[in-house]
Amino acid sequence: MSNSRRKFIRQLSSTAALLGAGSLGAFAADPTKQYLLEPSRPVSANDKIRIAGIGMGIMGFGDVNTALKVPGVELVAVADLYDGHLEKARSVYGNHLFTTRDYREILERKDIDAVIIATPDHWHDTQSIAAMEKGKAVYCEKPMVQQIEEGHKVIAAQQRTKAVFQVGSQRVSSVALAEARKRYLAGDIGQLNLVEAKIDRHSALGAWQYSIPTDANPKNIDFDTFLKDTGKVPFDPVRFFRWRNYRAYGTGVPGDLFVHLITGLHFIVGSKGPSNIYSSGNLVQWKDGRDVPDVMVAIFDYPATKEHPAFQMTLRVNFADGGGGGEFTRLIGTEGVMEMGWNDFKVKQHKLPVAPGYGGWDTYNTFTRKEQEAFVKAYNAKYSEADRAQAKTTEAAYRAPAGYDDRYDHFVNFFEAMRNKKQVVEDATFGLRAAGPALAANESYFSKKVIHWDSERMKIK
């Protein structure tokens, strides 16, 4: 490799490098430059960290499996209200595992350093606060809380106990989002003016119609504890396993999906949140007893701050998409657009020439020939040849390597904060700044009014 090429690659970014080992001329025929993002370096375990899982459903098993890939992490115990989940945990992680229905038994154990909370949304605040007060580090799944006021209690508990607390929206630890933030701050898309995102699905599982075990019954499920302080209802395995479908236990599409999009946006542009929120939607296809919509569109107005200009964001979720579903997130600026994938993104730049041009769909064609000649003469005198050059369009694609897992990096960040007192990437304040607008979107939908949001104080005005 020549010194000039080596220098060029170093200048691209501290985290990005051009794909391939050929000469730079190989990219001349391809209008899209390809960049492979470098994941974090291998982690060395300074000391052992013992963890426990609280809530061993889909996210519980997923989080625990990922956490155990980080060197020096050991699973000691799990808690869940369904005996079948406890039995499954023992079969996966070993019969030595301590299992219980009562998460408080886990918090009393001195051999547990951190807990992963992956319970239904309405339990997040109570379990997070209790764990921090017992001296545990906490990794809490998103959304951080079900109610806005609960978020302030979690923040207060973190500040009071000084506990390590990480919210589980893992995208903020992705090498792709880190590079996207660099590209945004470098001005690659000009001035941001619009963000648009959608997550559309057309599947029963995607619409939260999760499988229910055939052995579900009041003896092997602690249904009363699951209900917590919500309205008492007879035993219902549908509510227990498909809790996202109900306002009493979940947060609907805003808490499940909007919060991911808001979290990523706030990280990239450094925002604290919007000022006005309005949402609308309907229950179209999945009329299975749920009381939350399966189609929702929300508009968020972000005011100008020292971190970013004023812009508008529209988010959409459609669980009744007969087109088969799909998703995208676009940050649109005056000179380009950033199109986000999950661990990849593209930057498409389209910079306008200084000269506005003439002809085409234009009043120029209505001028007399004499006036057209006079206009062209004046136009060429006013604008140089460089000013009159056509709009330039360029495209660059960035992606993490195959097999990259942003959730792994998110857990690395969490455990590094425990071991080396580093700052977590998504603390309780960041978590509420992301969850608050999502929860406010629910408030707007059910109250049918615009919600005015104080992003500094994280409260509805």
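Residues are numbered from 1 along each chain as its sequence is written, and side-chain values use heavy atoms, with hydrogens and water left out. Because the model is predicted, local features need pLDDT of at least 70 and side-chain atom pairs count only at pLDDT 80 or more, while totals for chains, interfaces and linings use all residues.

I begin with confidence. The protein chain has an average pLDDT (the predictor's confidence in each residue, from 0 to 100) of 92, and 92% of the residues score at least 70. Over residues 1–15, pLDDT stays under 50; over residues 18–29, pLDDT likewise stays under 50.

Next, the largest pocket. On a 1 Å grid over the protein atoms alone, a pocket is an open set of points with protein on both sides within 12 Å along at least five of seven lines, a cavity is a set where a 1.4 Å probe fits but cannot get out, and lining residues have an atom within 4 Å of a point. The largest pocket holds about 1100 Å³ of space, a volume being the space filled by probe spheres set on points joined across faces, edges and corners. Its lining comprises 45 residues, with G57, I58, M59, A118 and W243 nearest the centre.

Finally, the cavity. The whole structure has one cavity of 30 Å³ or more, and the largest cavity has a volume of about 70 Å³. Among its lining residues are R171, H260, G264, T329 and M340.

Notes:
Contact = heavy atoms within 4.5 Å.
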